[in-house]
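Dear colleague,

Please find below the structure that I am handing over to you. My notes on it follow.

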Amino acid sequence: MSERVPVAPLYSSGHSTATGNALSPGPSGTELGELADDRSVVITCGSGGVGKTTVAAAFALEAARRGRRVCVVTIDPAKRLADALGLDTLTNTPKRIEGRWSGELWALMLDAKGTFDDLVHRYAASPEQADGILANRIYRNLTGALSGTQEYMAMEKLYELAEEGAYEIVVVDTPPTRNAVDFLEAPRRLTRFLGHRLFQLLLMPTRAYLRAVSVATQALLRTISKVAGADVVEDAIAFFQAFEGMEEGFRQRADHMRRLLARRTTAFLLVTSPRADSVDEAGWFADKLNESGLAVEGLVVNRVHPSFSQDNGPRALPRAPKGSALETLVENLRGYVAVNEREEAALAQLVLRVAPSPVARVPLLDIDVTDAAGLTIVADHMFGRDGAAPDEPRH
Amino acid sequence: MNVAAFCRQSRVLIVAGKGGVGKTTITAALAKLASASGLDVLVVELEGKAGVPAAFGRDGSLDYDETVLAGQSGAGSVRARRITPDDALVEYLADHGMRRISKRLVSSGALDVVATAIPGIGDILVLGKVRQLEREDSSDVILVDAPATGHAMTFLSSAKGLLDAARSGPVRAQAAEVVELLSDANRCQVLLVTLPEEMSVTEVVESAYQLEDHAGVTLGPVIVNACLPDEPLLSTDPIEAARQAGLDIDDDLAAAIGRAAQFRVNRCRLQAEQLERLALELPLPQLRAQFLFGSHIGPDELELIGADLALGVERLEDEHGSEPHR
C-alpha cells in the first residue's frame with residue numbers, strides 16, 4: 001500500500017500564506033495578542049520540561065480575558081496545575097472554569113485511550129467490529145506503546161473541537177515526547193501502521209496463501225515469532241483482521257487534520273527555556289515546521305533570569321575588598337548578569353529565525369505557577385503587561 | 001562513606017529524572033568522580049546525544065562503539081557509548097543467528113508492529129544489553145543516563161510488565177533477566193535527579209514511590225541539582241556595604257545590586273522550603289549540587305559539581321542502602 005501523500009512538504013496542500021520561509025514565517029506585525037484575538041487554533045510546542053502546559057493554559061486564560069470563548073486541551077499536566085484548572089480526571093468533555101474574565105474558559109485533560117475508542121466506534125462497520133478491536137491486546141497497548149499515538153489523539157481531539165465550532169479558539173498543548181515533531185507525523189504514522197504490508201499478509205485467510213507470499217516475508221514473520229513468541233503474531237493477525245475496512249476512514253481523517261494544521265487561522269506557538277540545549281531543540285523544531293510548510297507565529301521563552309540593570313553590559317562592576325559584604329553582593333549581580341547574557345546569546349539566533357514573529361519572555365518567577373493567579377502573572381508577562389513590550393529584547 | 005565504596009554498592013547506577021533537571025551533567029560528574037577514585041566507569045547514553053562527551057571537553061555525539069573520555073583502563077577511567085533500542089535489537093538478532101534479517105526488521109517498520117504488541121520491548125533490549133555489560137566484568141561502574149523526556153517509569157517497569165504480557169519466546173527470558181538485575185540492590189540502584197523547585201519535588205516524590213512499587217528497584221540518594229548556595233551577606237544593604245568597603249557606588253548600581261540580592265534571597269527561601277518538603281516526603285538521603293551561573297558544562301564545571309556530590313557522599317552513613325557486594 002503506497003503512501004499517496006508527498007513526503008515533503010508535509011502540509012503543502014494547505015493555505016498559501018502558511019507556506020512560510022525563514023524570512024517571512026508569518027504575517028508581519030503580528031503580536032501575540034493578535035493571535036489570541038483572531039486565531040481559531042493555537043498549538044504550543046517545544047521539548048519536554050519547558051512549561052508548554054503552563055504557557056498553553058496562560059494563553060487560553062488571556063483569550064478568555066479578551067472576551068473569547070476558549071477551550072484548552074492539556075496533556076498530562078502537573079497535578080497542581082490540573083487542580084488549579086479544576087481538572088481532576090482524564091475526560092473528553094471540556095469543563096468550564098469560572099473566573100473573572102469576560103469570555104469563557106473551558107479545559108479538558110486529554111484521555112487518549114477514550115478518544116481512540118470513540119474513533120473506533122465511529123469508523124467500525126458494526127458494533128461487533130468495534131468490540132473486537134477494543135478487546136484486542138495490540139489495540140489495548142496501542143495508545144501506550146505506538147510512538148505518536150498520544151499525539152495523534154491530541155490532534156484528533158483538536159480536530160473534533162475545531163469542527164464542532166462550539167469554541168471560538170482551541171488551544172492545544174502537545175505531549176512531551178522525545179521527538180517534538182512527532183505530532184505532525186502522528187496521523188500518518190498510524191495510517192502507515194495500519195497499512196503495513198504485514199496487514200495484507202496477515203489478512204490472507206488460509207495458510208495456502210502464505211505459501212504464495214515471498215520467502216523474505218515468511219522469514220520476517222518467522223523472525224517475529226522466534227523473537228517475540230508465536231502469540232504475538234496471532235495477536236497481530238487478530239488486530240489487523242479486526243481493523244479490516246476501516247483504514248480508508250482513518251486515512252481521510254488524517255488528511256483533514258493535516259489541512260486543519262495548515263489553515264491560516266491556525267498558529268504554532270513555540271515554547272523554550274533559555275538553556276542552550278532547549279533553544280537548540282526549539283530551533284530544530286522551527287526548521288521542521290518550516291519544512292512542512294508551517295510556521296512559528298510566536299515564541300515564548302519561559303523562565304528567563306531577570307536582568308537587574310538597564311546598563312550592565314561590559315561596564316566594570318566595582319572591585320570590592322575580599323571577604324566584604326559588598327564583594328558578595330557584587331559577585332551575585334555579576335553572576336546574574338552573566339546568566340542573562342548567556343541566555344540572550346543562546347536565544348539570539350532563534351529570535352532571528354522566527355522574526356518577525358513576536359518573542360515573549362516570561363521571567364523565572366519567585367512563585368511556582370499552580371493556580372489561576374499564577375497563570376494570570378504568566379499571561380501578563382507573555383502579553384507585555386509587565387511594563388515592557390513583549391518583543392523588546394532585554395539585556 | 002568514601003566515593004569508591006559508594007560507587008561500588010552496585011555496579012549499575014541508573015540516573016533518572018524529568019527533562020531539564022540536569023541528568024546528563026550529573027551522570028558525567030558522577031563518572032568523573034568515580035574514575036578519580038580509581039574505578040573504571042562506563043557511561044551508557046540512550047539517545048546518542050552530545051552532552052556527556054561535551055562535559056568532558058569532547059566534540060560530537062556518542063557512537064555504538066565505546067569512546068574513552070578520560071583516564072586509562074585499570075587506573076580510573078571513563079568510557080562512554082550509545083545504546084538505542086534499534087542498536088540493541090540489531091545486536092540481539094545478530095547474536096541469535098538472525099543477522100541477515102535484523103536490518104530489514106528495523107527498516108521495514110515491522111519493529112513498530114512488534115513494539116506495539118509488546119510495549120517496552122525496546123527498553124528491555126537496552127537494559128538486556130546493559131545487563132550483558134554488567135556480566136562481562138569490564139567496568140567497575142556502569143552509569144546509565146536514562147531517557148530524557150521519556151518517563152523513567154516506563155523505561156524501568158517495562159520488563160516487569162512484559163513478564164505478564166508475553167507468554168513465551170526469548171524476549172520473555174530476557175525480560176526475566178532484566179527484572180532480576182533491576183530488583184537486586186547489590187547489582188543495580190536508581191539515582192533520581194531533581195531540582196529544588198515545587199513542581200520538580202512533587203514529581204520526584206511521586207516517581208520515587210512508583211518506581212519502588214512498580215519497577216521494584218532500589219533507590220539510592222536523591223540528587224538535588226542546581227541548589228543556590230545561601231549567602232547571609234546578601235541581606236546587607238548595598239549602600240551600607242559600599243560604605244563599609246570604603247567605596248562609592250551610584251544609585252542605579254546600588255538598586256541593581258539590591259534587586260539581584262533580593263531575587264537570590266527569595267529563590268533561596270523557596271528552595272529551602274522545597275528541600276525541607278523533599279526530606280519530609282521522601283525518606284532518602286540527599287546529595288546536593290550547586291547552581292552554576294554559567295550555562296556551559298565543561299571539565300571545570302564537572303569538577304565543581306563532582307566536589308559537591310563527593311561532599312554529600314562522605315556525609316552518608318556507611319550502613320545506608322544495602323551492604324557492598326565486593
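What percentage of the contacts in chain A with a separation of 6 or more is accounted for by residues 24 or more positions apart? The share is 77%, where two residues are in contact if their C-beta atoms, placed from the backbone, lie within 7 Å.

Please note that this is a predicted model, in which local features need pLDDT of at least 70 and side-chain atom pairs count only at pLDDT 80 or more, while totals for chains, interfaces and linings use all residues. Residues are numbered from 1 along each chain as its sequence is written, and chains are lettered from A and ligands numbered from 1 in the order in which they are written.

**Chain A and the cores**

Chain A has 16 helices and eight strands; these are DSSP runs numbered from the N terminus (helices: H or I, at least four residues; strands: E, at least two). Of the 395 residues in chain A, 48% are buried. A residue is called buried if 20 or more other C-beta atoms lie within 10 Å of its own, exposed if 12 or fewer, and partly exposed in between.

In soluble globular proteins, nonpolar side chains tend to be buried together. A nonpolar core is a set of buried Ala, Val, Leu, Ile, Met, Phe, Trp, Tyr and Cys residues joined through C-beta atoms within 7 Å. The largest one holds 176 residues, and among the members that touch the most others are A:Phe59, A:Val70 and B:Leu143. Helix H2 (residues 52-65) of chain A gives this core its largest share, nine residues. A second, separate core has 21 residues, including B:Leu234 and B:Ile257.

**A helix in chain B**

Helix H9 (residues 170-182) of chain B has 13 residues and should span 18 Å at 1.5 Å a residue; its end C-alpha atoms are 19 Å apart, which agrees. The expected span is 1.5 Å times one less than the number of residues. Among the buried residues of H9(B) are B:Val171, B:Ala175, B:Val178 and B:Leu182. Seen down the axis, the buried residues of H9(B) fall within an arc of 160°, so they line one face of the helix; the arc is that of the directions from the helix axis to the C-beta atoms.

**Backbone details**

A:Arg303, in strand S7 (residues 296-304) of chain A, has a phi near 60°, a positive value in a residue other than glycine. A:Arg303 is buried, with 20 other C-beta atoms within 10 Å. B:Asp137 also has a positive phi, near 70°, but counts as exposed, with 8 C-beta neighbours inside 10 Å. Finally, a cis peptide bond joins A:Ala355 and A:Pro356, with omega about 5°.
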